[in-house]
Amino acid sequence: MNYLSVENIAKSYGERILFRDISFGINKDQKVGFVAKNGTGKTSLLNILAGTDTPDEGQVIYRNDIRVAFLSQEPELDPELSIEQSIFSSENPTLKIVEQYEKALLNPEDADALQKAMDAMEAANAWDFETEFKQILYKLNLEDLQAVVKNLSGGQKKRLALARMLLKKPDFIILDEPTNHLDLDMIEWLEEYFRKQDFTIFMVTHDRYFLERVCNEIIELEDGKLYTYKGNYSYYLDKKEERHQLEQTNTDKAQQLYKKELNWMRRQPKARTTKSKSRIDDFHEIKHRASQRRQDHKVQLELNMERLGSKIVELHNISKELGGKQLLQNFSYTFKKGERLGIIGKNGTGKSTFLNMLTGNLEPDTGKIVVGETVKFGYYTQKGIKIKPGQKVIEVIREFGDYIPLKKGRQISAEQLLERFLFDRKKQYDFVEKLSGGEKKRLYLCTVLIQNPNFLILDEPTNDLDVLTLNVLENFLLDFPGCIIVVSHDRYFMDKITDHLFVFEGQGAVTDFPGNYTDYREYSESKSATETKPVEKKVKENTWRDDSTGSSLTYKEQKEFGKLEKEITQLEKKKEEIQKEFLKELSGDEINETSVKLQKVEDEIEEKTMRYFELMEKAEG
């Protein structure tokens, strides 16, 4: 069933053409991720689909009977309403029934009103919806329902808009960076929610794990053309690489033919036959094809870095309290060369406060921070670049000098540096305020890195950056010889860059975990599984009977334990076989069937792994 048809739409601002002649369709139950470089019109396309903007040409056609919801990066909310009022102002009729029931519960002495509200809940079959309603508010940390919108932070407003959207129960959802401002637990809950619910989705996100686990189709806009990939993010990467290799092969062939025809053209006499003229026309076409080299812009970050001394940063028993909340309590740590640290924790547990103390922007209440003489911080904050009215892109970089030093004594001009950051010469003379959100972040990142820091601190660097820029940034950070601290909700980014974590657990507690984010999640899940089913340890009595097994497992449990390891290995092989099916050309129905098979196997692996850890814990206990 077709939900949306986009027919030959175009959009430009003045001389700047974002896209032209774009066409695609979306059917029921498709979950589509849209991938494109910053500045190519991703947000403009979403606004057109949502009806908040219009295309210059073409049309967008929705099926008549579907409900459409749009989550923008900057949601529009009535500033005077409370969270509760904002949620209940939704058009969903079931929400109105839940609202009346919630009000009736506050006045239990009015038995008639309560009974009437309960009857309405029963008639609308709204009990399950009420449970889901409360779960969504809890998971998105929106429990203070009387808080007024105008007093909320940007992150709280985004979570409120997300809750409003989910509770409308739309058929078709348009999402612009849905994971921004969500902590990791919220992102993983939302990922699972979207994966299980039968929403039809079209979204832009930089979160590659989210694309991988939610989407069953990827649409990419590249060089003004649309490419569709009927699979998840891994499938898209594989097929895109195949397409690029094929295009490169065709370009190489065209270049060889061009050289051959060029020699022929040079040998030709002035008098041309009809056949010769035809060949000359073909020559110009070949020349055009041969010149179409792939424009895979890559940010080449070869910036010079001052050498770090033996003393880097030492934290001695630091404590910090803000707004009555204990964020750090007697915390000590000594940074070493090449440190690659990730910081995770729920919002409000003190992550940004810690970074501000580290860089000297905030003083600890007690304890001291010692920074080595050779340390030069590069601090990328969430605030982003400070825009000066009338300032052009090139002028931002020239504030740091006309030439930038590179490794091995080389240097490049400010113009060349910007080109490496994907700003062409024309774009360099644009006003900064005209840049897209992602382009501003890319420019800001450039200003941090060109100051040659040897201790990089990146606070949510992935927000608003396109996937292509993220890949390049990751490659640079993997080669960066200095220290790195990353605070990010991008799990893929954290897994690739960090080798240990500071876990901010609240109330001043910070744990140093030896591994990346996926390692931490696996550890946490196995730990919570064993805690939910505690094993009672009995005091061993003095007895003449010898416990020859040396294990607290029963005979039946020992047999189960031995079987589990083999079963998990077999399931892992089965999982790999199913994943290989995505490399084939599959129809939409086949993709959905294969996705269901894969999820079933993954759930089985998770269940058996949890049981394996539970038995292992019991055996060791």
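Salt bridges first, everyone: the count in this predicted model comes to 33, taking a side-chain nitrogen of Lys or Arg within 4 Å of a carboxyl oxygen of Asp or Glu. One of them pairs Arg213 with Glu191, with the closest N and O atoms 3.5 Å apart. That pair links distant parts of the chain, 22 residues apart: Arg213 sits in helix α8 (residues 208-214) and Glu191 in helix α7 (residues 184-196). Helices here are DSSP runs of H or I, at least four residues, numbered from the N terminus.

A quick word on the ground rules. Residues are numbered from 1 along each chain as its sequence is written. Local features need pLDDT of at least 70, side-chain atom pairs count only at pLDDT 80 or more, totals for chains, interfaces and linings use all residues, and side-chain values use heavy atoms, leaving out hydrogens and water.

So how confident is the predictor? On pLDDT, its confidence in each residue from 0 to 100, the protein averages 82, and 86% of the residues score at least 70. Residues 290-297 stay under 50, with 17 contacts (heavy atoms within 4.5 Å) beyond four places in sequence. Over residues 535-551 the pLDDT is also below 50, and that stretch has 5 contacts beyond near neighbours in sequence.

Note on methods: pLDDT is the predictor's confidence in each residue, from 0 to 100. Helices (H or I, at least four residues) and strands (E, at least two) are DSSP runs, numbered from the N terminus.
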